[in-house]
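This briefing is for a reader new to the structure.

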Amino acid sequence: MKRLFSFLLIPLIFCGCAKKNETRRFFALDTQITVTAPKDACEKTYELCRKYEKIFSRTDPESELYLINSGAKKTAGEDIRALLSLCEKMYNITGGAFDCTLGALSDLWNIKERTVPPTKEEIASALNKTGFDKISLSPLSLGGTQLDFGACAKGYIADKAADALYKSGVKKAILDLGGNVYVLGTARVGVRDPQSPDKLFCRFTLKDKSAVTSGSYQRFFEYGGVRYHHILDPKTGECAQSGGSVSSVTVISPSSAAADCLSTAIFVTGEKGLELCRAFPDTDALIITNKRTVLTTDGFKKKYSLEILD
Ligand code: ADP
Ligand code: MG
């Protein structure tokens, strides 16, 4: 069985009017993107996503990341350098739960196509080609690893897009990069129910911030009654077990890049991962457990008017 749910997080409504806004949808960065903003801001965001696709795509043979991973390009441009330095920080803060060098493992697991899990031997061999400690940032050397920005590029791009809109005077907009949401102004946002993804589990209010959700119910296949999903534990090379108890993690932060990395890292780390938010300003998280209970950082409920739905 193979399921693909596109968004774990859904912007619901603007709070306050934003009459001149229109909605533009397009496919980029391997996901569905929806921009609600004034017409020229929609266009600007579209161009920006296309630009970053040419930098961060792992599959486009002309992208900068592809050329770096294949060894054809030896130096990284500004954006890859910036993202790598965030990834280094994340690797250190999360004790390796976030590791952007696990390209060999995500290729092996290839959740979009696979129907049967890889063997222990295949996993062990791919694990040998991963590890942030194998790489050097300047001069850039990958040490036999492959970079995979799947858990952070959308956040990085959402920050760039939001920045560009603020700078051009836009005060109300919603950028939804496949569930990496950035709200300019104020909007209610809903998190899907991990057990019934066609329903919402909870809602909260975002004001000039980003929210990002990672979960095991978005990209996965089932084999022998076990669910295999796309968030990997860099230590074991297996799908992250999240301490056995986490269904989804939503992180709210003024930095969408930080929220993107953290949602993945907390999913890998499990409940105690909530503490990782402390390393980032004004950053909070919410975990929906397998038992349908909710765990949050202090103050989440009050700060974001959290509403748990039945
Ligand atoms: P999505 O972007 O699909 O909403 P995530 O942000 O959690 O979800 O990113 C998952 C993607 O990141 C995977 O498809 C894979 O490419 C990569 N990835 C998986 N596990 C990790 C990890 N532990 N650290 C860094 N990147 C990861
Ligand atoms: Mg992520």
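In this predicted model, the largest nonpolar core holds 67 residues, and Phe56, Ile80, Leu84, Leu147, Phe149, Leu175 and Ile266 touch the most other members. Helix α7, which spans residues 256-269, gives the most to this core, with nine residues.

**Nonpolar cores**

- Phe149 touches Phe56, Leu65, Ile80, Leu83, Leu84, Cys87 and Cys100, leaving aside residues up to four places away in sequence.
- Another core, of 20 residues, lies apart from the largest one, and its members include Val191, Leu286, Phe300 and Tyr304.

**Helices α3 and α6**

- Helix α3 (residues 78-93) packs against helix α6 (residues 153-167) at an angle of about 120°, and their axes are 11 Å apart.
- The two helices, α3 and α6, cross in a right-handed sense.
- On the α3 side the contact is made by Asp79, Ala82 and Leu83, and on the α6 side by Ala153, Tyr156 and Lys160.
- Sorted by class, this contact of α3 with α6 has four nonpolar residues, two charged residues and no polar ones.

**Cysteines**

- A disulfide is a covalent bond between the sulfur atoms of two cysteines.
- The structure holds zero disulfides.
- Cys100 is in no disulfide, and its nearest cysteine sulfur, that of Cys87, is 3.7 Å away.
- Cys100 counts as buried because its relative accessibility is 1%.
- For Cys152, the closest cysteine sulfur is in Cys87, at 3.8 Å, which is too far for a bond.
- Cys152 also has a relative accessibility of 0%, so Cys152 counts as buried.

Definitions and conventions:
Residues are numbered from 1 along each chain as its sequence is written. Chains are lettered from A and ligands numbered from 1 in the order in which they are written. This is a predicted model: local features need pLDDT of at least 70, side-chain atom pairs count only at pLDDT 80 or more; totals for chains, interfaces and linings use all residues. Side-chain values use heavy atoms; hydrogens and water are left out. Axes are lines fitted to C-alpha atoms, for helices over the stretch in contact, and angles run from 0 to 180 degrees between N-to-C directions. Helices (H or I, at least four residues) and strands (E, at least two) are DSSP runs, numbered from the N terminus. A crossing is left-handed if the near helix is turned anticlockwise from the far one by less than a right angle, and right-handed if clockwise. Contact means heavy atoms within 4.5 Å. Ala, Val, Leu, Ile, Met, Phe, Trp, Tyr, Cys and Pro count as nonpolar, Asp, Glu, Lys and Arg as charged, and the others, Gly among them, as polar. A nonpolar core is a set of buried Ala, Val, Leu, Ile, Met, Phe, Trp, Tyr and Cys residues joined through side-chain atoms within 4.5 Å. Buried means under 20% relative accessible area, exposed over 50%, partly exposed in between (1.4 Å probe, protein chains only). A disulfide is a pair of cysteine sulfur atoms within 2.5 Å.
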